[in-house]
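This report is for a reader who is new to the structure. Please look at the sequence and the model first.

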Amino acid sequence: MNDGVPILTAMTLTPWIGGCLLVGLGARHRSLARGVGLGVSLITLALGFLAWAGFDPGEGGMQWVERHSWIPGLGVEYVVGVDGLGLAMVALTVLLVPMALLVSWTLTERVPLYFGLVLWLEAGLIGTFTALNFFHWFLFWELCLIPAFFLIRLWGGPDRGSAATQFFVYTMAGSVALLLAFLALFLATGTFDFGRLAELGGRGGWAARFEENLDWGGVSGSTLARLVFLGAFLGFAVKVPVMPFHTWLPSAYAEAPTGTTMLLTGAMSKMGVYGILRILIPLFGAEARALLAPLLWLAVAGGVIAAATAFAQRDLKRMFAYSSVNHLAYCLLGIFAAVGAGGEAGRLDPERSMALGGVVVQMFNHGITAAALFAFVAFLEQRSGGRRGIEDFGGLRRRVPVFCGLMGAAVFASLGLPGLSGFVGEFMIFKGSFALEPAAAATAALGLLLTAVFLLTFLHRVFHGPLNPRWAGMADLGGRELLAVVPAMALMLVIGVVPQALLGVLKATVTRWVGDWGP
Amino acid sequence: MEWIRDHLWWIPVLPLLAAGVSALLPRGWRRMSAGLAIGSLAAALVLSVLALGVSLGLSGMGSVNPAAVNFRWLDAGLGVVRLGWVLDPLGACMLVMVSLVGLLIFSYSVGYMAEDENFTRFFCFLALFAGAMLGLVMANSLLLLFACWELVGLASYLLIGFWYQKPEAAAAARKAFITTRIGDVAFFLGLVWWYAESGTVLFYDTGAGCLEPRALDLLSGRTTILGMATATGVALLLFVGAIGKSGQVPLHVWLPDAMEGPTPVSALIHAATMVAAGVFLVARVYPLMALGGGDGPSAALQAVTWVGAVTAVFAATVAVAQTDIKRVLAYSTVSQLGFMMLGLGTGGVAVGMFHLLTHAFFKALLFLGAGSVIHGVGGEQDIRRMGGLRRWMPVTFATYAIGMMALAGVPVVFSGFWSKDEILHAAHAWPVSQVPFCLALAGALLTAFYMTRQMAYVFFGAHRGAGKGEPAHPPHESPRLMTVPLGVLAAGAVGLGFLGTPAWPGLESYWTGRPAEFDPGRLLAPEAVSLMLLSAVVVAVGMGLGWWLYGRRPITQATEPDRFAQRFPATFRLWQRKYGVDEFYAATVVRAHGLLARWGDWVDRWIWGGLVLAAGLLAVGAAWVSRFLDEWGVNLGFDRGCGGLRLGGWRLALFQDGRVQGYLRALAMGVVLLVLLLTWGTR
């Protein structure tokens, strides 16, 4: 077994230390900062490879576990570990950061600070995806917010001030709700450990325990349980985001420097779904099932509306932002469908496993695809002096065929073309959830059509038709740019054709969930 | 047998690999790209012929287990998805047809696209197209079929929009993808529904496949909403997919626009690949389509029949009023696809697929002939500005005439007659209604009519292009690279019919697994003879009318109004406008979608955004209140306190300013005060 080897801590600390070094560096050391930043992110990537290679795919529980006592009086331990989900998310993070740094290469303002903040963000993300005790999990969760806020605030577009504030306030409100929910849990149980909390409350619900241990002015235990669940849900829903808690997202994605947007959509939006899978469902299974129908339909309606709304966007970054909302709604569809059913002596267990496996695959694939799409938008912005309106271009394919070909492939991966990664997750989610919740799945399928409409319209307006003479001198992708996107594109193809490459590490975890999350 | 079954997967993979390699080739490597595409497809053809040879020895569909190879594709722990391929008569003859027609079109394209700067890319896309279609045909899993189906859609998108700088081509490509995507989403839902019901979407799996009796029996008893049989629901969803792909009414709108692609692409789409996929799907899942319905035809098959019959006539009428040489052919494809669906619905797999095969040859022939014409007259596509071309392009004329007669269904010699006759026969015997049969007859009449009209416009009469009579740049015959494929296809358009005559129903017996016997007596059975006569009369009337209108008196002016329009102007205008279907969709579906998008954006900006703004304002307001309280309550008291202290300090400081006279004054005053106090106090 690989427990006790501090590889996860090393993965969190490496970018953290790298970030500290860079932030301390003077603003004039640009190339040094770029080199150090990329180097540190590549070391983290190498550690990620080691963690992946040493992971035992047959074991569904936590691996690479480290456990140290921290504040015994508060039940706080330092516990980290990954299962298939955590490993996939860590892998996604360490893959995306070098990509985002390469895309941000041409930045000239306060380069060391930028690269340092990105590394801090990486540390926060890895910390969030590996922590198993609420205390330091929440610390990392909040820690992600700070570098992200400054990245938007300092390097963002013209409207960055309000976008950064909105982003901060929204996610902060979610975090406060989450914190209050966990304080209630702590008061009722005296522990912050996810595993322990899941054992205590997961199956039976919290009503009885709250009734017994909390006396808050006559509020009944079941009301309290529901409130606590909703508080936790709000915290995650803002992060995912679930409509209608999503309005921070288009402006934050649009105003953030595009390298940061890649991380926001690629990795940070996964924090929400990760939290739902790691915390909300294991801890609040009973409460979630009681509210399942509204939650499911909230996700489905949000997904379809987001896909339609994307069509009305004129700013490419806003358009892809709505596309992200749509893609992550499929994840929620899969989760809520799988949590709801499951009785009948396990007859539907294969479908639940399919849906849940599809959710994680979709998270990973969306991370890769959306980050690649934003990287292409960044390249476009760098060529057009910041323009990125859908009407600003036209006929670019003639000048930049390689650009068009690769971005086209990413677009088709995003709309779920078989043979590329996007299809695998969507197929698995829909196959599973149609068997479990046919009406919701059928409604959500409308989103598949609407997605194709706006994505093809995008290709049509930007790349096809007569060449806009303004861009007659546009240059095709260069070596550094290819280096940033080609690995991601290769992954899209590999996962699309051989999905087992990813599912291999997930299936034991998914099987365990199916067993644990029964009603 | 074993060998070809286990290595069947090479057939689609070879062209796909060629596409992958040639996607990475630099633009200048033209020969390499074309060589890869043609070589891989030739190898696929050899393998397909081997497979066909083996499959001739197998029994037909449904009687025994076809030779299927399945493998595990993904495994999510408890749920597993398997894919596979199958060698059966239905797939084997499609494999040969697709690779043969594809190969001819590929070699024709070498000539046709010789001047195009993106020649390398063109062959990359062609290879992708052929590979995806071959994969679709041999898939043993509805999921694999769907995956290839989407790849076929992608390839057609890339090829229709190949001349992406032309706004019409780019728009047509997008329209094709989105319109077929509507069908694809329905197909996808049908797929996951069927998967949920049967637990598998492998067609054949040694008894456990979803097309095998056990799963079908299981399915047949179930009902869904509104009392509809589940099997019907699934079958209808799949059929909507086929409607999209095969250009049936009401999702036919993309197919005529797809003419914006280069002509070899039109030939490929209309003959061997894209549109054939929908018909093939219905044929592949025929056991599901036929499920239920008691003694008569099932509800799903009735839907197939009606959609097919309506499409056959609808598109034929539109074809009458078109003036673009390729659009006439495009609508004729839509109409013929309707015939195929009608054949599937009323007569079963053998009837529909027979017409698919013969049509593949003569429609590819017609499109390549049209390409040769367009090539010969310097890119002109309007048949009103052609005319008299038989003098300059004899080979094209002869082969086109063969294709035209096969399409019109001229008796005995041409394949179209036999395959259409089978359909009419089946429609006549349909127990539900005779209306589809009458519609089919009307469609056949119109087909003969509009093809004669086209022939008269293009090859007869005076030349009406630039430089009348004897043009300055006379039209020229196309190079051998283009005319040889025409000849081969023409041979197919004639010869293929004899595989399915009533006297020797070779193809039907091959598909159904019954031994074929040569029995000329069946040819002379009274019912067969009367139907053949009827069909011959219909064709003769159609062609006669066409000739009477357009050929009898040669057309001399390009501006001359259409002679049909002179007699029936209102009808002609309606047909010319394609019944306004495009405009109707623009006013309803497209508009609704735009409204929904804007509504979503508006709600985000003003409702949710407004709520956030309100919450923000509330927070700011609270902050102001708190600031006010701070400044006027807490701070003020504090400030006052501070101010008082400061003042006191200042005042106290006055006492210690170091001026001795002041101190003395104070001291003196103090002493005086003290004395006064003491005297006052002690008294």
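## Model and numbering

This is a predicted model, in which local features need pLDDT of at least 70, side-chain atom pairs count only at pLDDT 80 or more, and totals for chains, interfaces and linings use all residues. Residues are numbered from 1 along each chain as its sequence is written, and chains are lettered from A and ligands numbered from 1 in the order in which they are written.

## Nonpolar core

The largest nonpolar core has 446 residues, and Leu333(A), Ala375(A), Val282(B) and Ala364(B) touch the most other members. Such a core is a set of buried Ala, Val, Leu, Ile, Met, Phe, Trp, Tyr and Cys residues joined through C-beta atoms within 7 Å; buried means that 20 or more other C-beta atoms, placed from the backbone, lie within 10 Å of a residue's own. Helix H14 (residues 349–384) of chain A gives the largest share of this core, 20 residues. Helices are DSSP runs of H or I of at least four residues, and strands are runs of E of at least two, numbered from the N terminus.

Leaving aside neighbours within four places in sequence, Ala375(A) is in contact (C-beta atoms, placed from the backbone, within 7 Å) with Met99(A), Val103(A), Met262(A), Ala484(A) and Val485(A).

## Contact between chains A and B

Chain B puts 38 residues into the contact, and chain A puts in 45 residues. On the side of chain B that touches chain A, strand S1 (67–75), helix H6 (142–160), helix H7 (167–198) and helix H26 (581–654) each supply at least two residues. The largest share of that side, 14 residues, comes from H7(B).

Notes:
A residue is buried if 20 or more other C-beta atoms lie within 10 Å of its own, exposed if 12 or fewer, and partly exposed in between; C-beta atoms are placed from the backbone. Two residues are in contact if their C-beta atoms, placed from the backbone, lie within 7 Å.
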